[in-house]
Amino acid sequence: MPNGPLSLPARLYLLSWDTTKRRIAGSTHLHHLVRAGALTELAQRGLLVDDDGIVTPVDPDSRTGDLVLDGLLELVAESRPRRWKPWVTCRARVTLDAVRAQLAAEGYLRAEKKRVLGIFPSVEYELDRVSAVEALRAEAREVLEGPVPVSEVGDREAALVALATAAELRTLATVKERKLHRARIDELSERSGAAAPALRKVVQEVRTAVVVAATTASATAATTAN
């Protein structure tokens, strides 16, 4: 698996690339999706837990060795207490920026420095490892469609598809395909938190927050278009 070592937020970001058009899909709420992936992975690893609804680090000094995940751990530990849904949106672009920088350092992206209006420094990213993203998408499609039973799907793979479809990521599945596989998607969401009842609740809350973010972004885009 070419993307095995990559974290869940990194894989969600890569999955959002349209490799044909070489651009990001769902960019208006991508930062929320990436943050949701980071929260989910930290919860799956047992480093963030639910304390009466509040996102709580098990040990403020714990580290994963992944700069993106560790950055979020530090942010949660240093911030005022929040529930899971607010953490999906709170300063979410910080996590997105960290993911992009990480993937650029690992050769998945190419960073190009530019200036907006010839004055303000900016960084734009281009996809370099197209084949790796296409392989990731093919594997995610297999998880979405089968034939492997949901009970045999890994928790991170299940979470990848559950979150990506919640965010209406069309690079993974069309509206028609999401409807067709709705029952399996619900099962994959359950599988994402199968390790414990508390984790199942966390995954559901995070996934619901992603649905809200995606719906809001779609409504805003439609209003702007009209």
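**Burial and contacts in a predicted model**

Biologist: In which helix is His 31 found?
Modeller: Residues are numbered from 1 along each chain as its sequence is written. This is a predicted model, in which local features need pLDDT of at least 70 and side-chain atom pairs pLDDT 80 or more, while totals for chains, interfaces and linings use all residues; side-chain values use heavy atoms, without hydrogens and water. A helix here is a DSSP run of H or I of at least four residues, numbered from the N terminus. The helix that holds His 31 spans residues 30–44 and is α2.

Biologist: Is His 31 buried or exposed?
Modeller: Buried means under 20% relative accessible area, exposed over 50%, and partly exposed in between (1.4 Å probe, protein chains only). His 31 has 7% relative accessibility, so it counts as buried.

Biologist: Which residues is His 31 in contact with, leaving aside neighbours within four places in sequence?
Modeller: Contact means heavy atoms within 4.5 Å. With those neighbours set aside, the partners of His 31 are Ala 92, Arg 93 and Leu 96.

Biologist: Is Glu 74 buried, partly exposed or exposed?
Modeller: Glu 74 lies in helix α3, residues 67–78. Its relative accessible area is 33%, so Glu 74 is partly exposed.

Notes: Helices (H or I, at least four residues) and strands (E, at least two) are DSSP runs, numbered from the N terminus.
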